[in-house]
Amino acid sequence: MNTLFDPRQVRRAFSRASASYASAATLQVEVEGRLLESLDYYAEGREGDAITPALVVDIGCGPGHASRAIQQRWPKAHVLAIDLAMPMLRQHDADASAFARALPRPLARLLTRGPARICADARALPLADHSVDILFSNLCLQWIDDLPAVFAGFRRVLKPGGMLVVSTFGPDTLYELRVAFAEADTVPHVSPFASIAQFGDALIASGFRNPVLDRDDLVTRYDDLPALMRELRAIGATNALHARRHTLTGKARFAAAANAYESFRNSDRLPATWEIISALAWAPEHGAPIREGGEDVARFPASGIPVRRR
């Protein structure tokens, strides 16, 4: 089967970045914080013990910052942290100790037991059907080709009425870098991420209900192109396309790209734009199928999904 991304390269890149990720992923932590705020919606319409989910799953958990924040929010919940890269999961122990030192002792004792960890692929979750109350995923899905298929897997494991909270990169991400390298050669250097319409369509096609999508542009700034490339390697955001160049970019090509990037310089620094798409959606009640009697349960296109732009 032909695929856009090479999952082995994704695993290798994030494995290599495991030690540097936490200190370099400033933008990822900012997006994560916004996504964690969306968990407030879980309590709406619920009473008593139902406000506390039984099982929350963090997919693409990285070094586990969000998993620990979720555990702190709901100390009685079972939190499961899943990542494709085993070295990322091994970072949890060191990072959890530092996290616990900043907490009151009773809460620290509880949280140092920590979320459970599983090394697994988001495309094939090793979880029982209808077992998850909340599925959380921050900036992981951009590395997956078949969004309807992965969302179908998410829907399978969510309980009826379970909540999905996710974020991803949109197609305008690193457009400056894409333009600059296009001046150097014809090989793609930046991934063609799915648009907000494609993301919404995939949610609807997989049977999710009442989705609300947000789109935002965040800009980071660098002294030069090498500084941007160092940060991308530090967070594992390297080129994972099957069609990528499998040899090092030559000095001449890199110099041509760096020169082209200079056209974007402002305020004495080079900008890098990140298009952030986030979504909140609900699994259908009572496990309703996507199609019943040959008729679509969900008929409206992504253009009918509420989109909030910041």
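User: What covers the buried residues of α10?

Analyst: This is a predicted model, in which local features need pLDDT of at least 70 and side-chain atom pairs count only at pLDDT 80 or more, while totals for chains, interfaces and linings use all residues. Residues are numbered from 1 along each chain as its sequence is written, and side-chain values use heavy atoms, with hydrogens and water left out.

The cover of the buried residues of α10 includes α2 (21-24), α8 (175-182), β6 (209-222), α11 (251-261) and β7 (270-282). Helices (H or I, at least four residues) and strands (E, at least two) are DSSP runs, numbered from the N terminus. Contact means heavy atoms within 4.5 Å.

Helix α10 itself spans residues 225-234, and its buried residues are Leu225, Ala227, Leu228, Met229, Leu232 and Ala234. Here buried means under 20% relative accessible area, exposed over 50%, and partly exposed in between (1.4 Å probe, protein chains only). At the start of α10, the backbone nitrogen of alanine 227 has a side-chain oxygen of aspartate 224 within 3.0 Å. This is a polar contact, that is, a pair of N or O atoms within 3.5 Å; within protein, one must be able to donate a hydrogen and the other to accept it, and residues adjacent in sequence count only if both atoms are side-chain atoms. Just after α10, glycine 236 adopts a positive phi of about 80°.

In α8, Glu176, Leu177, Ala180 and Phe181 are buried. These residues lie on the same side of α8 because they cover an arc of only 125° around the axis, the arc being that of the directions from the helix axis to the C-beta atoms. An α-helix has 3.6 residues a turn, so residues three or four places apart point the same way. Among the elements covering the buried residues of α8 are α10, α11 and β7.

Threonine 168 belongs to strand β5 (residues 158-169) and is buried, with a relative accessible area of 3%. A polar atom of the threonine 168 side chain lies 3.2 Å from the backbone nitrogen of glutamine 142. Leaving aside neighbours within four places in sequence, threonine 168 is in contact with Leu139, Leu141, Gln142, Phe199, Glu275, Ile276 and Ile277.
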